[in-house]
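User: I am new to reading structures of complexes, and I would like to learn how to describe the place where two chains meet. Could you take me through one?

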Amino acid sequence: MKAYKKEVQFTIWMTAAFILVGNVGLIFSIFPVDAMLFGFPVMYIVPILMGWFGVFLLTLVAGKIGNRIDDEIERENDALGHADEAKEV
Amino acid sequence: MEQNWQLDNPILGLVVVGATFVLFYIVGFISNRQSKSAKELYVGGSNVGAITNGLAMAATYMSLATFLGITALILQLQVPFIMLWIQLILAIPLITIIYGTSLRRMGAFSPTHFIRDRYGTTASIIAALFMILVSIMYALGQMIGIAITFETLLGIPYITGLFIFGILIVGYITIGGMAGATNNAAIQMVIIALMFIVPLAAIMKAIGASGWYFPPLLYSDMVPAMMDALPTFFDYQFSPKWYFSIIPALTIGALGLPHLAMRVYTASSLKSARSAMVWFAFILGLVFSATYAMGFVGVFATTTQGVTISDADADKLTIILNMVYNPEWVTALVIAGAISAGLSTLSGNLLAIGALISQDIISTLKPNISQRLNLRIGFIAIFAGGIASILLAINPPAFLVVSILWAFGLAGVTNAPLIIVGVWWKEANKFGAIAASVVGGALYIIVSPFVFPSIVLTGHGVTDGMGLSGAMLAVPVSFILLIVVSYITNRIPALSGKLTKQADIELIERIHGWKDIKAYRYNSTLGAGITVVVSAAVAIWALMPWGM
């Protein structure tokens, strides 16, 4: 149950995080900001930076957690194999 | 002032392009000597390393549009188009985490392969036909772009260029298969990045930008001059609804593109697929950011530096900037980069068409044909798909990039819901899938400006043409139909004989990595209900006035 819950929650939250980080323009279209950052308007450069480095960081996190959940599913499978080897499920 | 943008020395351009072609043929030939089975042809034996695959994913995704169309649309739409483009980077990461690893575990060749196992023959053939349409539209865009490049820059007549280079390209993809295409795409990605960013640095240096040594991000010293010359450049122009519609149309749309998903299945392992996604994000972010810089520099050059680019030449902005500011041999290299970008995407599209026709249609209808015959049909399908896109490109439609983006929406309506819901909800069945694909697809086509120009949602040409408005209505409708029709038909006893509930449940558990079956897994009625409510809200919002 634990690994399954983690898998579902990971996919939902990670998808939401990716969509948010890739669509910062949508957020700024609702809440406009009139400021500058690194010489650019914030509403221009922040979506670009998030769309590159934000997404890149999320892929690192998603890769790590995805691998860990796979291992957990594998462990639950193994535990199941020992516990009820004879049982048909 | 109208100018004829053409290389003074077309031989130089031809030699550079010819040399890259020879390289691609050799790599394709060597890589594919062992392609003896369909698995090797379409997914490179599922044995591709993370860096190669990540680069190949990026190259497959970065079409000729990077060099031709995008910068033109930045010139036209300015910042809103950049905001639209940024989220395209989500494609591979989202495919990987939502369903890519599951389908890789299943051993699928293409997304429709999953649809066949999950929903049966009829649904998979409907989905495959839509996917062939999407792939051909996509391939068509590349073909047109390649022929236009040869025509305008090297002086080769459009039709001649289309046929000669079209057939050369189709030949190389047919010879190379997926292993060849993957190795070539990885090389092409390096060529694309170098041929785009290095010449851009030279252009920025010539204009006087102090951050020329890192073009993707260091051009802020041009911002004040830009704001003086064109104060509206950074304006968002459109309402939040427009920005929201990008999510169903392009973010979800990309999840249904077969040639992208197929890249995930080529990975040697699930871990390798996840590492490839990291490389993809890094390299794509780099080149995308450089594209925005190129668009910015283009607008800057036309508004402050006296460079004149007519509307008809807008597509060639990248190459024109190189002609103005760089020596001719650099422009020749940029053209080779543009052709590489077209080639890698085209090979992804054609391989998808090959897999769809031979694996998803012919093997489905005639499961007993031999491996050898199946492989031969695959080669013929790849070749025929290429020839079809060449023939369709004889009379090219206007708006190259716009029609490619419209194809994203079609994939989002007809394929993405079937795959996403199919992987995560056991109740989804073939009746729901067929209803979603057919009704959603028809609705999307009806509200597009291409069939009934008077039936559109916004009346704003580019918004309807890119499928933003159509997808905002049709994608949620497709999700609702899939869930509601499945839910109802699962509860009609007369239909239970026609459904394969137990096989579906086993398939879903297996592709998520489970060796046992548990009723509580992937069975949430609450999750399905929330999806229906949210989808209904989005569809109603899409029908309300857009105020454009």
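Analyst: Let us begin with the contact, where two residues count as touching if their C-beta atoms, placed from the backbone, lie within 7 Å; here chain A brings 39 residues and chain B brings 41 residues. This is a predicted model, in which local features need pLDDT of at least 70, side-chain atom pairs count only at pLDDT 80 or more, and totals for chains, interfaces and linings use all residues. Residues are numbered from 1 along each chain as its sequence is written, while chains are lettered from A and ligands numbered from 1 in the order in which they are written.

User: Which element gives the largest share of the side of chain A that touches chain B?

Analyst: Elements are DSSP runs numbered from the N terminus, helices being H or I with at least four residues and strands E with at least two. Helix 3 of chain A gives the largest share of that side, 20 residues.

User: How do the residues on that side of chain A divide into nonpolar, polar and charged?

Analyst: Ala, Val, Leu, Ile, Met, Phe, Trp, Tyr, Cys and Pro count as nonpolar, Asp, Glu, Lys and Arg as charged, and the others, Gly among them, as polar. On the side of chain A that touches chain B, 23 are nonpolar, 13 polar and 3 charged.

User: In what order do the elements of chain A run?

Analyst: Chain A has 3 helices and 2 strands, and from the N terminus on they follow the order α-α-β-β-α.

User: What ipTM and pTM does the predictor give the complex?

Analyst: The predictor gives the complex an ipTM of 0.89 and a pTM of 0.87.
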